Amino acid sequence: MDKLRIAVILAANRRGRTGPAVSRWFAELAVKYPDQDVVFDFLDVAEIGPADGHGGPMAPAPARTVAEADGYVVLTPEYNHGYPGELKSAIDAARREWFGKAVGFVSYGGMSGGLRAVEQLRLVFSELHTATIRDTVSLHNAQAMFGEDGEPLVDLAASEAAVERMLRQLTWWALALREARERRPYPG
Ligand SMILES: Cc1cc2nc3c(=O)[nH]c(=O)nc-3n(C[C@H](O)[C@H](O)[C@H](O)COP(=O)(O)O)c2cc1C
C-alpha cells in the first residue's frame, strides 16, 4: 500500500513574526510522527496562491501535491477573528482536489489561539466536501511562546500531545477516506 500523504499548508506564516517559529515547531514534530506509513509534504501559502489573483488556478507543482494528498493540516494565525486572506485564495485555487479528503488544523494567535479562524475554516472546507478533524492544536499568546531564534521559551508538552492526538485522528480519517475513494469514486 502506498504511504499516506499529508500536505501541511502554512498560511501566511513566512511573513509574520510568530509564524515561522510555529511552523518549524510543528514540522519538526510531524516528521517525527511515529507512523512510518505517513509522508508529509510542506506547502507555503505564498506558493500555492494563484498568480493571477483570486479565482485563478494553482501553479502545477503545488496543485499536484494538493491533488495527491490524502489529507491536509492547515496551520493558520488569526487576524481580527478570521484567517488570512491569502489562505482563502489558495483554498479557492483548487476544487475537486480537496473532495473526499480529511483536514486538520493547527492555529495560533493572541487570546483566542486562532480558534475562531479554525471555526470559519470548517465552514469553508465543508463546502469543499472534506471531513474536518474534531481535535485541533491551538497556541494561545503564541508570540510569547517563542524566542527571537524561533526556539520555544515555554514548555510545550501539552501542545505536543495535542499535535499527536490531531494527527492520529487525521490519519485515521485520511486512510478511511482513501480506502472509500478507491472502492468507489466520490460523487461530488
Ligand atoms: C491585525 C491583527 C489582528 C489580530 N487579531 C487577532 C484576533 O482576532 N485574535 C487573536 O487571538 N489574535 C489576534 N492577533 C494576534 C495574532 O494572531 C498573533 O500576534 C499572532 O502571533 C500573529 O501571527 P504572525 O506573527 O505569524 O503574523 C492579531 C494580530 C494582528 C496583527
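In which sense do strands E4 and E5 (residues 131-132) pair, and over how many bridges? The legends below take up this point together with other views of the predicted model.

**View 1. Pairing of strand E4 with strands E5 and E6.** E4 and E5 pair in the parallel sense, over two bridges. In this pairing, Val103 stands opposite Thr132 of E5. E4 also pairs with strand E6 (residues 137-139), again in the parallel sense, through three bridges. Here Val106 has Val137 of E6 as its bridge partner.

**View 2. Pairing of strand E4 with strand E3.** Strand E3 (residues 71-77) and E4 are parallel partners, joined over seven bridges. Gly71 stands opposite Ala102 of E4. Between E3 and E4 the chain passes through helix H4 (residues 85-92), and this β-α-β crossover is right-handed.

**View 3. The two faces of strand E4.** E4 covers residues 102-108, and seven of its seven residues are buried. In a regular strand, side chains alternate between the two faces of the sheet. From E4, Ala102, Gly104, Val106 and Tyr108 point one way. Val103, Phe105 and Ser107 point the other way, and the residues of both sets are buried.

**View 4. Helix H6.** H6 takes in residues 157-183, which is 27 residues. At 1.5 Å a residue, a helix of this length should span 39 Å, and the end C-alpha atoms of H6 are 39 Å apart, so the two values agree. Buried residues in H6 are Ser159, Val163, Leu167, Leu170, Thr171, Trp173 and Ala174.

**View 5. The protein chain as a whole.** Six helices and six strands make up the secondary structure of the protein chain. Along the sequence they follow the pattern β-α-β-α-α-β-α-β-α-β-β-α. The radius of gyration is 16 Å, close to the 16 Å that the globule rule gives for 188 residues, so the protein chain is as compact as a globular protein of that length. Taken along the principal axes, the C-alpha atoms fill a box of roughly 45 × 40 × 25 Å. Of the 188 residues, 38% count as buried.

How values were computed
Residues numbered from 1 in each chain as written. Predicted model: local features only at pLDDT ≥ 70, side-chain atom pairs only at ≥ 80, totals over all residues. Helix = DSSP H or I, 4+ residues; strand = E, 2+ residues; numbered from the N terminus. Expected span 1.5 Å × (residues − 1). Buried ≥ 20, exposed ≤ 12 C-beta atoms within 10 Å, placed from the backbone. Pairing = 2+ DSSP bridges. Right-handed = clockwise from strand over helix to strand, strands pointing away. Rg over C-alpha atoms; globule rule 2.2 N^0.38 Å.
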